[in-house]
Amino acid sequence: MIKKIALLFISLFSGLLLFAQDGDKIEMADTMRQNGKIYVVVAVILTILAGIFLYLIRLDRKIGKLEKENREHQFITKKQSHVS
Amino acid sequence: MNKWWWKIVCILLLVYTVTAGLLFSVPRKPIIQESIRNLYFHVCMWFCMMILFTISVVHAVKYLRNNNLKSDILSRQYAVVGIVFGVLGYSTGAIWASFTWADPNSSSFASFGAIAKDPKLIGAAIALLIYFAYLVLRDSISDIDKRARVSAVYNIFAFAFLFPSIWIIPRLLDSLHPGGQGNPALNPQDIDARMRMVFYPAVIGWTLLGVWIVSLKVRLQILKEKTVLES
């Protein structure tokens, strides 16, 4: 499993070796990157993402619990019908 | 599907997408400028939609072959989440277009008129409307087996219609949308190696997020049908 994940990441990021350069004079958000305020944006978006993921994980667990209860319930009802 | 490792991969890839997508250097291009970073978000929505619709139609065909209602549930949920991603792709595209396509010399009303006629937008809108009709059609039939069969057949039609409406016709006509002469976002002239390094992980990450949501919805739906059958 860890091997699978490692392989995936290696294959995805092998493009790192192919950096290109260009120095045109087109206006970009360079100042924002200089004074570091862009990190605030990254932090905000990461917080939102974290919230969404926590919500998804909670839902996942809740549904897992429901499935487990359902299975136990079915098991009991099957047993009861067997006895009677 | 109950394995957990791909969910961790999804979280890692999306965290990487947001961080690297906002911080890594990108090509300097006129007009688009920093908004080129939208590639990691807007384009990924469409990729994710296409992948989810493909899985949906596979399950629709499966249902027609084996008449197993589980395939019907899977097909429906993949289509619904695909539609959600499509709507997200459409609305993010609308925001992006209003800042990069609008003609600064004419009024916003006039430039909106030009943008709204764009064949790519109309094609995408038609494709999404056909999928909306899929949901309407589905929920209007109360008999379970008939609903599953009719909606599986309609799903195949809707998927087939995706090809002329979002793949073929927009490529034949002039469009403001990039990628008219090839594949948008896969063309080496559009993005370079450093963008591809974020873009491919982003596509996989967003798609896994979609599949994750689908898997939750499917499990919930199966539980629901079970309790309906038991009571």
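Which residues of H2(B) meet which residues in H7(B)? Select B:Cys44, B:Met45, B:Phe47, B:Cys48, B:Ile51 and B:Leu52 on the H2(B) side, then B:Ala202, B:Val203, B:Trp206, B:Thr207, B:Gly210 and B:Val214 in H7(B). A contact here means that two C-beta atoms, placed from the backbone, lie within 7 Å.

Before going on, some housekeeping. You're looking at a predicted model, where local features need pLDDT of at least 70 and side-chain atom pairs count only at pLDDT 80 or more, while totals for chains, interfaces and linings use all residues. Residues are numbered from 1 along each chain as its sequence is written, with chains lettered from A and ligands numbered from 1 in the order in which they are written. Helices (H or I, at least four residues) and strands (E, at least two) are DSSP runs, numbered from the N terminus.

**Stop 1: H2(B) and H7(B)**

Stay with that pair and show residues 42–66 and 193–230 of chain B, which are H2 and H7. Their axes come within 9 Å and cross at roughly 50°; axes are lines fitted to C-alpha atoms, for helices over the stretch in contact, and angles run from 0 to 180 degrees between N-to-C directions. That makes H2(B) oblique to H7(B) (under 35 degrees is roughly parallel, over 145 roughly antiparallel, 65 to 115 roughly perpendicular, and the rest oblique). The crossing is right-handed, meaning that the near helix is turned clockwise from the far one by less than a right angle, with anticlockwise for left-handed. By class, the contact has ten nonpolar, two polar and no charged residues. Ala, Val, Leu, Ile, Met, Phe, Trp, Tyr, Cys and Pro count as nonpolar, Asp, Glu, Lys and Arg as charged, and the others, Gly among them, as polar.

**Stop 2: H3(B) and H5(B)**

Next, pick residues 69–100 (H3) and 119–139 (H5) of chain B, which pack at about 145° with their axes 10 Å apart. This time H3(B) passes H5(B) in a left-handed crossing. Residues to colour include B:Ile83 and B:Tyr90 from H3(B), plus B:Leu128 and B:Phe132 from H5(B). The contact residues divide into eleven nonpolar, one polar and two charged.

Now click B:Leu135, also in H5 of chain B. B:Leu135 is partly exposed, with 14 other C-beta atoms within 10 Å; 20 or more would be buried and 12 or fewer exposed, with partly exposed in between and C-beta atoms placed from the backbone.

**Stop 3: B:Pro170**

Move to H6 (residues 144–172) of chain B and find B:Pro170. B:Pro170 is buried, with 22 other C-beta atoms within 10 Å. Leaving out residues up to four places away in sequence, B:Pro170 touches B:Pro119, B:Lys120, B:Gly123 and B:Ser175.

**Stop 4: chain A**

Switch to chain A, with three helices and zero strands. Of its 84 residues, 0% count as buried. Where does chain A meet chain B? The contact takes 30 residues from chain A and 28 from chain B. H1 (2–12) and H3 (38–83) of chain A each supply at least two residues of chain A's side, and the largest share, 14 residues, comes from H3(A).

Finally, colour by pLDDT, the predictor's confidence in each residue, from 0 to 100. The chain A mean is 78; confidence is lowest in H2(A) (residues 30–34), at a mean of 73, and highest in H3(A), at 87. Zoom in on residues 19–23 of chain A, where pLDDT is below 50.
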